[in-house]
Amino acid sequence: MNDPRTHRLNDDPKFRPTPKPRSLAPVFIYVGVALAIVLFIVFPASLRLVEGAARQLRFLWWVVLILIFVLWLGFKFRRKK
């Protein structure tokens, strides 16, 4: 097969293929975690808010189950292209 992308790879030594979106996913996860840590350090009140929300989950666990169920239904019945 004569693919123009591979032909260009052989001709141009400076050519770099664009990364696939799947390979960028870990980068976004690391950046998100680092950003959250920085925000918790800069704004300690946000950490207290998250801690309080985690304590309230002991009493409102059923709300979390309903949210998970709604997300599952959304993925199950989404429109296919």
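Analyst: Among the elements of the protein, helix α1 (residues 4-11) has the lowest mean pLDDT, 54, while helix α4 (residues 61-76) has the highest, 90; pLDDT is the predictor's confidence in each residue, on a scale from 0 to 100. Where pLDDT is low, the predicted coordinates should not be read in detail. Over the protein the mean pLDDT is 80, and 73% of the residues reach 70 or more. This is a predicted model, in which local features need pLDDT of at least 70, side-chain atom pairs count only at pLDDT 80 or more, and totals for chains, interfaces and linings use all residues. Residues are numbered from 1 along each chain as its sequence is written, and side-chain values use heavy atoms, with hydrogens and water left out.

The protein holds four helices and zero strands, where helices (H or I, at least four residues) and strands (E, at least two) are DSSP runs numbered from the N terminus.

Val-50 counts as partly exposed because its relative accessibility is 42%, a class lying between buried, under 20% relative accessible area, and exposed, over 50%, with a 1.4 Å probe and protein chains only. From C-alpha to C-alpha, Val-50 and Phe-40 are 9.6 Å apart in space, and they are 10 residues apart in sequence.
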